[in-house]
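I opened the notebook to record a few look-ups. The entries follow the display.

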Amino acid sequence: MSITQQYLLDSYRARVLGEPEPPAPGRHDADVVREVRDHRRFNAVIAERPARGRVRYALRRWLHPRAL
């Protein structure tokens, strides 16, 4: 069963039972991505690493080791 079919079945069941409908699939995806990003930044700060631009900094350090 696909996620769309499951959503439609859950919506129908909720309507029949008079309960609120479940949220649509993918509705909270952006919020989840934002929370994961914030959690990774928080962990970086706790570990005393730069919270932003870590990949760019690592590439710059690797490509130009004496430029720092």
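I took contact to mean heavy atoms within 4.5 Å. With neighbours within four places in sequence left aside, I found Ser11 in contact with Glu21 and Pro22.

I noted that this is a predicted model, where local features need pLDDT of at least 70, side-chain atom pairs count only at pLDDT 80 or more, and totals for chains, interfaces and linings use all residues. Residues are numbered from 1 along each chain as its sequence is written, and side-chain values use heavy atoms, with hydrogens and water left out.

I placed Ser11 in helix H1, residues 3-17; helices (H or I, at least four residues) are DSSP runs numbered from the N terminus. Ser11 counts as buried because its relative accessibility is 3%; buried means under 20% relative accessible area, exposed over 50%, partly exposed in between (1.4 Å probe, protein chains only).

I looked at H2 next. It has 18 residues and reaches 26 Å from its first C-alpha to its last, close to the 26 Å expected at 1.5 Å a residue; the expected span is 1.5 Å times one less than the number of residues.

Most residues other than glycine have a negative phi. I found Glu48 in the loop between helix H2 (29-46) and helix H3 (54-63). Glu48 is exposed, because its relative accessible area is 73%.

I ended at Leu63, which lies in helix H3. Leu63 counts as exposed because its relative accessibility is 52%.

Conventions: Helices (H or I, at least four residues) and strands (E, at least two) are DSSP runs, numbered from the N terminus.
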